[in-house]
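Me: I would like to learn how to read a model like this one. Please take me through it feature by feature.

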Amino acid sequence: MKIAFIGLGNMGGGMAANLVKAGHEVRAFDLAEPALAAARENGCETFGTAKEAVAGVEAAVSMLPNGAIVKAVYENDVFGHAPEGAALLDCSTIDVATARELSEEAGAQGYVMADAPVSGGIAAANAGTLTFMVGGSDEAFSRAEPILAAMGKAVIHAGDSGAGEAAKLCNNLILAATMIATCEGFALAEKLGLDPQVFYDISSKATGQSWSMTSYCPVPGVGPQSPSDNDYQGGFATALMLKDLKLAMEAAETSGAPTPLGRHAKELYEAFAAENGGLDFSAIIKTLR
Ligand code: NAD
């Protein structure tokens with residue numbers, strides 16, 4: 001298929017490369033020249049604007065920082081420029097309301113749109129093992145599934161438009177809370193004289209186990225390779241985790257859901273992001289040691 005890819009950053013770069021590997025013709029656009037250069041090396045054709053990238057495509061995928069950018073890109077450069085009938089798949093993490101609004105606008109203009117945020121991080125984006133949670137009609141899901149399957153290990157239909165984003169925000173609320181709890185556990189274990197590796201060996205096989213511990217351990221040199229081993233560079237930026245927590249707290253407020261741990265996690269990440277927004281979110285262990 002001829003597929004446009006907009007937003008070739010930490011996540012989008014690897015995702016676009018996996019579409020190429022699956023045999024698709026990928027027309028890529030990003031505002032940053034280094035991202036375009038990397039995409040060319042990975043076999044994408046690159047363009048100077050999003051409007052040019054979506055010309056003549058059967059589908060467009062976006063992986064952008066936030067809802068305001070996603071809305072601007074779709075309204076200014078995709079709607080009316082991609083051919084009618086194209087499948088539009090936004091994989092960014094954004095608010096539920098914007099996802100629903102864009103899907104309605106897309107439908108009115110003859111497109112099929114799905115929100116399809118991801119879980120898994122940069123390693124999974126590069127390896128093609130992301131989990132996609134998809135919000136949209138049955139038709140949108142059936143158009144999205146084969147494209148997303150080339151970039152992930154699981155593609156799950158969460159429900160109607162916006163349901164993918166809802167699942168993503170709830171998932172990341174759990175992730176933030178378990179990461180902070182994991183960091184607290186390791187920091188306390190250290191203060192009590194436990195070797196971090198020994199504590200890992202025990203807790204990873206006990207009830208303290210979580211993805212934050214066994215796939216993304218916040219302590220360097222412990223567990224599989226993770227951003228902590230790279231001085232917390234790369235990975236999932238604290239600023240992006242804070243964005244997701246803010247979206248989750250807005251959703252909690254509008255739906256009347258009590259989320260005391262989520263609120264406290266947001267406060268802790270807000271304080272940490274003031275000076276460390278670019279570090280991976282597991283670096284919050286620095287404030288607890
Ligand atoms: P990133 O900042 O590395 O990449 C975003 C890219 O979008 C950049 O290359 C930037 O130049 C480009 N961009 C910004 N505005 C643009 C525009 N108007 N037109 C074209 N390109 C534009 O961010 P990322 O880590 O790749 O995250 C992207 C999305 O994925 C976010 O919504 C994030 O919340 C979500 N996400 C990230 C991770 C992770 O581990 N990094 C995991 C799951 C979900």
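Me: What percentage of the 289 residues of the protein chain count as buried?
Reply: Buried means 20 or more other C-beta atoms within 10 Å of the residue's own; exposed means 12 or fewer, partly exposed lies in between, and C-beta atoms are placed from the backbone. Here 50% of the 289 residues count as buried. Keep in mind that this is a predicted model: local features need pLDDT of at least 70, side-chain atom pairs count only at pLDDT 80 or more, and totals for chains, interfaces and linings use all residues. Residues are numbered from 1 along each chain as its sequence is written.

Me: How many helices and strands are there in the protein chain?
Reply: Both are DSSP runs, numbered from the N terminus: helices are H or I with at least four residues, strands are E with at least two. The protein chain has 12 helices and 9 strands. The radius of gyration, taken over C-alpha atoms, is compared with a globule rule of 2.2 Å times the number of residues to the power 0.38. The chain comes out at 19 Å, close to the rule's 19 Å for 289 residues, so it is as compact as a globular protein of that length.

Me: Which residues are closest to the ligand?
Reply: A residue is near a molecule if its C-beta atom, placed from the backbone, lies within 6 Å of it. The ligand is surrounded by 25 residues, the closest being Gly9, Asn10, Met11, Thr93 and Phe236. Two or more shell residues come from each of α4 (67–78) and α6 (121–127).

Me: What about phi in residues other than glycine?
Reply: Most residues other than glycine have a negative phi. Asp231 has a positive value, near 55 degrees. Tyr232 is also positive, at about 65 degrees.

Me: Are Asp231 and Tyr232 buried or exposed?
Reply: Asp231 counts as exposed, with 11 C-beta neighbours inside 10 Å. Tyr232 is buried, with 23 other C-beta atoms within 10 Å. Asp231 is in the loop between α10 (211–214) and α11 (238–255).
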